[in-house]
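I opened this model to look up two things.

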Amino acid sequence: MSAPAPSADGGGKPGGGDAARRAARLLRWYPRTWRDRYGEEFAELLISDIEERSQAPGRSLDVARGGLVARLSAVGVCGLPLRDPGAMAPAAVGDVAVGRHVTASLVSLGCCLAVALGFGAAMWSQLTIGWQWSRPASTASAAGFATVATSVAMSALLVIAVLAALPVLGTVGRRIATRQAGGLLRPSAALVMAGAIVFAGGRHFENGWPGTGGHGGLIPGGVAAFEWATSLSVSSYWAHPGALGAFPAPEVAWMAVCPLAQAAAVISAAIVVRRAALSARVLAFETRLAAAACTVMIGLLAGCSCWVATGGQPAGGQRSGGQPSLFHAGLIDVAGIAVLSLALAIAVQAARTARRGLGLARG
Amino acid sequence: MARRNAGDPADGPALAGFGRYAGPATLILSSLADGPKHGYALTKDVESFARVRLAPGTLYEALARLESQGMIEALEAQDRRRPYQLTAVGAVALKAHLDAQRLVTDVGLRRLAVNWTTG
């Protein structure tokens with residue numbers, strides 16, 4: 001049986017028929033916030049379109065693409081804040097929709113920053129271990145430059161992360177003090193707990209740091225040992241279960257637990273920031289920090305890329321016995337570069353979206 | 001100091017900032033210049049005057065952006081369909097965009113007439 005022709009004004013038949021089912025299926029491409037705002041009217045349009053042209057191969061692709069864009073927009077990586085129907089006034093700094101969208105952008109950027117810190121720490125730890133045992137002849141060598149560049153970049157990223165956290169902590173603290181912490185207590189507790197696990201585990205396992213016994217490092221030995229311990233899970237040993245089996249069981253367990261705790265900390269922090277309802281002033285400050293974070297991430301990527309591109313060979317070449325040097329870059333580091341590049345690309349998009357959102361609010 | 005005219009892009013958001021959405025946005029604003037329309041009516045109207053069929057995903061992507069920029073506004077929903085109407089900001093942006101396009105069109109047509117004989 002052929003589909004019924006749409007009425008002259010395109011009015012579909014709500015809730016019934018194959019067209020409605022197909023429209024409902026297509027609508028799932030879009031995020032909930034978008035569906036709450038446009039879902040009903042968009043479904044009506046889809047029903048009319050399907051009834052008029054049953055077979056239109058480009059339609060599914062177009063809707064999927066639109067849904068993907070809406071999803072990226074919902075997490076603040078692109079697009080503009082959704083407006084409530086009937087909101088006549090232009091967007092303002094205090095506008096809830098604008099604030100929510102800018103916050104989403106900053107949360108996405110924060111997640112990218114966390115990923116960059118995680119993978120950056122893995123490469124940085126290898127470089128600092130290499131530096132401890134066989135300091136490059138010159139900082140002009142690829143390994144020397146990479147160690148210095150990543151050390152500067154990682155330190156700067158940590159400073160930015162602390163600066164970004166301070167106003168959020170202040171806001172959350174004020175809300176808790178004034179008993180307006182609805183929805184903030186649980187994620188805050190989860191964040192503290194996950195952070196404590198990473199810290200305690202890192203401190204415990206740093207004693208097994210292979211850099212111990214080296215001769216003078218670029219950064220304090222304790223810091224280097226801690227970043228090694230907390231990035232232990234970024235390892236190519238996962239692809240070699242036989243070799244991994246030779247590791248002490250607690251260390252293998254830590255390699256599995258640490259990234260889970262780090263992910264829990266990042267997710268909890270994201271929930272806290274989203275629920276904290278940061279003021280327009282704080283959002284503007286965080287957006288400026290976001291631009292700085294992107295710049296530093298470019299420096300981190302440049303340092304790591306320089307090291308990986310040259311295969312990680314220092315001026316001294318190979319170690320005795322034909323073993324690769326301590327600065328040797330492996331496949332896991334190539335993967336790390338890919339992850340850092342992706343994180344940077346998303347972070348730049350999110351920073352631009354946040355800036356555009358604030359610009360829109362200012363008119 | 002130079003006096004700005006109504007329709008100066010500096011008065012509000014410009015369609016140039018829409019990038020690849022500028023095409024659908026221009027078609028939608030041109031259609032709404034005639035009066036409020038809902039999604040399907042917009043699609044049919046654009047198809048009739050521009051011979052372009054806006055796919056549903058593309059149409060709503062552009063509608064959401066135009067609404068966020070304050071160039072169009074949603075009216076009360078009627079039977080699960082929500083009509084949209086042009087705002088003053090949208091009218092200014094559309095006029096500025098079409099004026100700029102007309103400038104290019106006039107120059108192109110004049111040069112074609114002088115140098116080329118087209119069927």
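I started with the interface, where chain B puts 23 residues and chain A puts 28 residues into the contact. The model is a predicted one.

Next I asked which elements of chain B supply at least two residues each to the side that touches chain A. I found helix H2 (39-50), helix H3 (56-68) and strand S1 (72-74) of chain B. H3(B) gives the most to that side, with nine residues. By class, I noted eight nonpolar, seven polar and eight charged residues on the side of chain B that touches chain A.

I then looked at chain B as a whole. Its secondary structure comes to four helices and two strands. From the N terminus on, I read the order as α-α-α-β-β-α. Of the 119 residues in chain B, 40% are buried. I also looked up contacts in chain B with a separation of 6 or more: residues 24 or more positions apart account for 55% of them.

Last, I turned to a helix pair in chain A. Helix H6 (residues 185-205) and helix H9 (residues 249-275) of chain A pack at an angle of about 150°, and their axes are 8 Å apart. Angles over 145 degrees count as roughly antiparallel, so H6(A) is roughly antiparallel to H9(A). I logged the crossing of H6(A) and H9(A) as left-handed.

Who makes the contact between H6(A) and H9(A)? From H6(A) I listed residues including Ala190(A), Leu191(A), Gly195(A) and Phe205(A). From H9(A), Trp254(A), Cys258(A), Ala261(A) and Val272(A) are among them. By class, I have 16 nonpolar, five polar and one charged residues in the contact of H6(A) with H9(A).

Notes. Residues are numbered from 1 along each chain as its sequence is written. Chains are lettered from A and ligands numbered from 1 in the order in which they are written. This is a predicted model: local features need pLDDT of at least 70, side-chain atom pairs count only at pLDDT 80 or more; totals for chains, interfaces and linings use all residues. Axes are lines fitted to C-alpha atoms, for helices over the stretch in contact, and angles run from 0 to 180 degrees between N-to-C directions. Angles under 35 degrees count as roughly parallel, over 145 as roughly antiparallel, 65 to 115 as roughly perpendicular and the rest as oblique. A crossing is left-handed if the near helix is turned anticlockwise from the far one by less than a right angle, and right-handed if clockwise. Two residues are in contact if their C-beta atoms, placed from the backbone, lie within 7 Å. Ala, Val, Leu, Ile, Met, Phe, Trp, Tyr, Cys and Pro count as nonpolar, Asp, Glu, Lys and Arg as charged, and the others, Gly among them, as polar. A residue is buried if 20 or more other C-beta atoms lie within 10 Å of its own, exposed if 12 or fewer, and partly exposed in between; C-beta atoms are placed from the backbone.
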